[in-house]
Amino acid sequence: MAHGRPGLTGALAAAAVPLGFLAVFFLWPVAAIVQLGLGDGLGAVLLAPSTWKIVGFTLGQAAAATAVAVITGMPVAFLIARTSLRGNAFIRAAVMVPFVLPTVVVGLAFRSLFGEGGPVAIILANAFFNVAVVARTVAALWSHVDRRAEDAARSLGASRLRTFTSVTLPVLRPAISSAAAVVFLFCATSFGVVLLLGGGEYATLETEIYLRTVQLFDLTGAAALSLLQITSVVAVLVIGAVLRRRSTTLRLRGRADTTRRPAGGEWGIVAAAYLVVLALFVPIASLVAKSFESGLDGYRALGGTGFRGSLQVTGWEAVLNSLRAATDATLLALVLGGISCVALVTLGRTRARPSLVEGIDTALMLPLGVSAVTVGFGYLITLHLLPGDLRTSPLLVPLAQALVVTPLVIRTLLPVLRAIDTRLRQAAATLGAAPLRVWREVDLPLAARSFVAATAFAFAVALGEFGATSFLARPESATLPVVIGRLVARPGELNNQMAYACCTLLMLVTVAIVIVVDRLRVGSVGEF
């Protein structure tokens, strides 16, 4: 085989590494939950009225939060995609901040606004998270849609509203549908927000699985609920896939041809977009203000274990635990994600069937479709069967976090690697470079910025991961999000102040990482 000619066997061998990890640390635990859920307890759980009340609340709050996110995200998408105003780069980065904030931080931020919470607080908090998903997903398409059809409709006398509903909206429908499906999925599997704002009265499938496992030790009931949740997630994914298939091919134009200074009524939409962005910072400002309500008492208390020893670690030890676990998870995710990307790109350059490449790509994304709580629960009922009983290993939390963030690494790196001109690789091969040297000398330098961005993004998400970590972290090695959850659940004003101080620290680190990621954005390449 000529130098630089990708090998099918080598690519398949490389793909076997992340797929093997996926099989052991994702498919096996989830299959065990399905098996447990199909046992004798399934009928009792399905027939219980309380189960369907929880299902109804899960779907209802997710639908309402999705509607709020779509309605508020559309003006922001217009601002980013169709206008050439100064400051749009800041808006693009600002709307991304809520999306990457840890769920426990957002939950506590809304608790500082709404007291004990409730359905309205849950819906607004979930929408707060996902405005960025709608704004950036829709903007990615809207910024390349030809304006001439809209201008023709306006010149024929159509109002702006009629032009939008008859010309623009049908074109944007695939992006809006895709974003809505993703948002609904995120809201239906929301954990930290519902746990903190539900007040023990309002529960979703996600929080009920956690409560039945941790407090009631009802593993069969929790497994049955996990089965219900997996079924609903698969249904949403199928509906999303069907909607995507209905999309039509468009003639897209460069961003420079589609943006211009707003005119007339468009300024009203711009003003609405600015109001949405401003509203996104209200909970964040409230959280920071709350952390200083008693001066620096909350921050000083980080050196202790809370009111009457509520914790087994100090606040600063929790910070170190978080940094250590997130670092390990990020390194593991980079290795798995990097190998996955190399395998997928190489397979795409061979004569491998496209369906095989798409199948492997989809399989690697599966952890995004199942909640972290379900994964954490699956670990508890399976990993003791592995040599050494991994349930007591300090690697357990990084393994679960890596499973969550590896798909994000792949989605950040893969588009960039696929976009590299193959002629550069062929030229290097012609000059005698071996395949590994071609990767090192051509692909890696071009993908370096995206690699750093993927590293920062993965670290931020791992740092704030709460769902699986709340199941798996031992009290003596609790991470910052887990400590926040435990402080809020225990009485004492000092605990509240510590929790707000921890949230503020976590938020500041996350925001700094978002700024770095946005600075490293590579043109229009990338999937979200």
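**Salt bridges.** Before anything else I wrote down the rule: a salt bridge is a side-chain nitrogen of Lys or Arg within 4 Å of a carboxyl oxygen of Asp or Glu. I also noted that this is a predicted model. By that rule I get seven salt bridges.

I started with aspartate 297 and arginine 300, whose closest N and O atoms are 3.2 Å apart. That is within 4 Å, so the pair counts. Both residues sit in helix α14, three residues apart, so about one helical turn separates them. Aspartate 297 is partly exposed at 39% relative accessibility, while arginine 300 is exposed, with a relative accessible area of 59%.

Next I looked up aspartate 151 and arginine 260, which meet in a salt bridge at 3.5 Å, N to O. Aspartate 151 is in helix α7 (residues 148-155) and arginine 260 is in the loop between α12 (255-258) and α13, so this bridge ties together parts 109 residues apart in sequence. I found aspartate 151 partly exposed, at 34% relative accessibility. Arginine 260 is partly exposed too, with a relative accessible area of 34%.

Then came arginine 160 with glutamate 266, where the closest N and O atoms are 3.7 Å apart. This pair links distant parts of the chain: arginine 160 belongs to helix α8 (residues 160-188) and glutamate 266 to helix α13, 106 residues apart. Arginine 160 is partly exposed at 36% relative accessibility, but glutamate 266 is buried, at 9% relative accessible area.

**Aromatic rings.** How many aromatic pairs does the structure hold? I have 11 on my list. One of them is phenylalanine 110 with phenylalanine 114, a stacked pair at 6.1 Å centre to centre, with 10° between the planes. Both lie in helix α5 (residues 103-114), four residues apart, about one turn of the helix. Phenylalanine 110 is buried, with a relative accessible area of 5%, whereas phenylalanine 114 is partly exposed at 36%.

Phenylalanine 110 has another ring partner, phenylalanine 128, and that pair is edge-to-face: 5.4 Å centre to centre, 70° between the planes. Here the link is between distant parts of the chain, since phenylalanine 128 lies in helix α6 (residues 119-142), 18 residues from phenylalanine 110 in helix α5. I checked burial as well, and phenylalanine 110 and phenylalanine 128 are both buried.

I also noted a cluster in which ring pairs link Phe21, Phe25 and Tyr379.

**The core.** Tyr379 came up again here. The largest nonpolar core has 169 residues, and Val76, Val138, Tyr379 and Ile484 touch the most other members. Helix α6 gives the largest share of this core, 16 residues. Leaving out residues up to four places away in sequence, I listed what tyrosine 379 touches; among them are Phe25, Pro29, Arg391 and Leu472.

**A surface patch.** Leu113, Phe114, Val120, Leu124 and Val282 form a nonpolar patch on the surface, with about 400 Å² of accessible area together. The elements giving two or more residues to the patch are α5 and α6. Valine 282 sits in helix α13 (residues 266-291), and it is partly exposed, with a relative accessible area of 44%.

Arginine 308 is in the loop between α14 (297-300) and α15 (315-349). It is exposed, with a relative accessible area of 77%.

Note on methods:
Residues are numbered from 1 along each chain as its sequence is written. This is a predicted model: local features need pLDDT of at least 70, side-chain atom pairs count only at pLDDT 80 or more; totals for chains, interfaces and linings use all residues. Side-chain values use heavy atoms; hydrogens and water are left out. Rings of Phe, Tyr and Trp (its six-membered ring) pair if their centres lie within 6.5 Å; planes under 30 degrees apart count as stacked, over 60 as edge-to-face and the rest as tilted. Buried means under 20% relative accessible area, exposed over 50%, partly exposed in between (1.4 Å probe, protein chains only). Patches are made of residues with over 30% relative accessible area and no salt bridge: like charges are joined within 9 Å, nonpolar side chains (Val, Leu, Ile, Met, Phe, Trp, Tyr) within 5 Å. Accessible areas come from the Shrake-Rupley method with a 1.4 Å probe; for residues, only the protein chains shown count as cover. A nonpolar core is a set of buried Ala, Val, Leu, Ile, Met, Phe, Trp, Tyr and Cys residues joined through side-chain atoms within 4.5 Å. Contact means heavy atoms within 4.5 Å.
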